[in-house]
Amino acid sequence: MSDLVKSDEGRLKGQLYANGLVAVALLAWWLTSQSFPATFPGLGAVSRSIADLTISAEFWSSVGITSLRIGAAVLLATLIGSFVGLLPRYVPWAGGIVDDILVPFFSSFPGIAWAILGTIWFGINSGAVLIVQVLIILPFSLVNVAEGAKAIGIEEIEMGRSFSRRVWSLFWRIELPLLSPFIMTSVRLSYGVCWKVSLIAELFGAHSGIGYLMQLSQDLAQVSRIVAICLWIVFFVVVGERLVLDPLSRLLIKGERSGRRKTKTTSFLSRE
């Protein structure tokens with residue numbers, strides 16, 4: 001009982017500290033806006049901009065377009081990165097290509113360069129934005145899945161083969177559940193980064209979306225509107241993580257534990 005009380009007290013203190021930090025940040029923002037020129041928006045101006053965006057059909061249309069692009073980009077990057085990351089496990093000679101060429105290349109290539117090249121190669125359209133987003137977030141899935149594939153022990157697969165020799169069955173029932181935490185980590189990283197990436201990609205190569213809306217605000221020198229859009233993006237990222245990624249993560253963790261239980265059961269039966 002005492003441990004539960006201490007845990008509740010620690011959680012309460014953490015919430016108080018977090019709320020206090022937010023209050024201090026807002027106070028610092030207000031004080032700073034009093035001494036800076038009008039180009040540094042105050043709390044009142046940003047609050048009004050947030051309210052205006054809330055009732056703006058153009059804003060919510062842009063949010064929908066950007067969200068669809070982000071969802072498609074994360075899905076494509078996860079599928080492509082997982083396929084390439086798993087390739088050395090089944091095609092050993094591909095290990096040097098993936099580890100020594102693809103991973104360093106995609107991890108170090110500047111994201112802004114993909115945005116510039118995308119507009120040159122594919123023009124200013126939604127397809128170009130999607131391609132740029134996929135190329136920028138691809139390393140997260142590629143690196144995580146490649147490392148996850150290396151972490152899968154030989155023993156698990158050998159035990160599974162004692163019951164089935166079908167490659168697809170082994171992958172679906174044992175390997176994929178064990179890989180799910182690595183895949184989920186890449187999805188979380190890709191989702192958060194892709195909201196930032198989408199702004200860059202849409203600024204360079206789109207006539208729609210939140211990035212394009214921010215460009216219009218920049219052209220009109222609406223600084224408070226730009227800050228308000230950024231705060232809305234923070235809200236969308238948090239909501240997406242709480243309502244989509246957290247439940248999906250819990251589901252995949254259950255699958256990973258189930259895969260490990262199956263492996264242990266197989267190991268026990270083989271010894272018998």
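A residue counts as buried when its relative accessible area is under 20%, and as partly exposed between that value and 50%. Because Cys194 has a relative accessible area of 0%, this residue falls in the buried class. The structure described here is a predicted model, with a mean pLDDT of 77 for the protein and 75% of its residues at 70 or more.

**Cysteines**
- Across the whole structure, a search for disulfides returns zero.

**The largest pocket**
- Two or more lining residues come from each of helix H3 (57-90), helix H8 (167-205) and helix H10 (223-271), and H3 gives the largest share, with 13 residues.
- By residue class, the lining of this pocket divides into 24 nonpolar residues, seven polar residues and one charged residue.

**Confidence**
- Confidence in the protein is highest in H3, at a mean of 89, and lowest in helix H7 (residues 154-161), where the mean is 60.
- Over residues 263-272 the pLDDT is below 50, although this stretch has 10 contacts in the model beyond near neighbours in sequence.
- Where pLDDT is low, the predicted coordinates should not be read in detail.

Note on methods
Residues are numbered from 1 along each chain as its sequence is written. This is a predicted model: local features need pLDDT of at least 70, side-chain atom pairs count only at pLDDT 80 or more; totals for chains, interfaces and linings use all residues. Side-chain values use heavy atoms; hydrogens and water are left out. A disulfide is a pair of cysteine sulfur atoms within 2.5 Å. Buried means under 20% relative accessible area, exposed over 50%, partly exposed in between (1.4 Å probe, protein chains only). Helices (H or I, at least four residues) and strands (E, at least two) are DSSP runs, numbered from the N terminus. Ala, Val, Leu, Ile, Met, Phe, Trp, Tyr, Cys and Pro count as nonpolar, Asp, Glu, Lys and Arg as charged, and the others, Gly among them, as polar. pLDDT is the predictor's confidence in each residue, from 0 to 100. Contact means heavy atoms within 4.5 Å.
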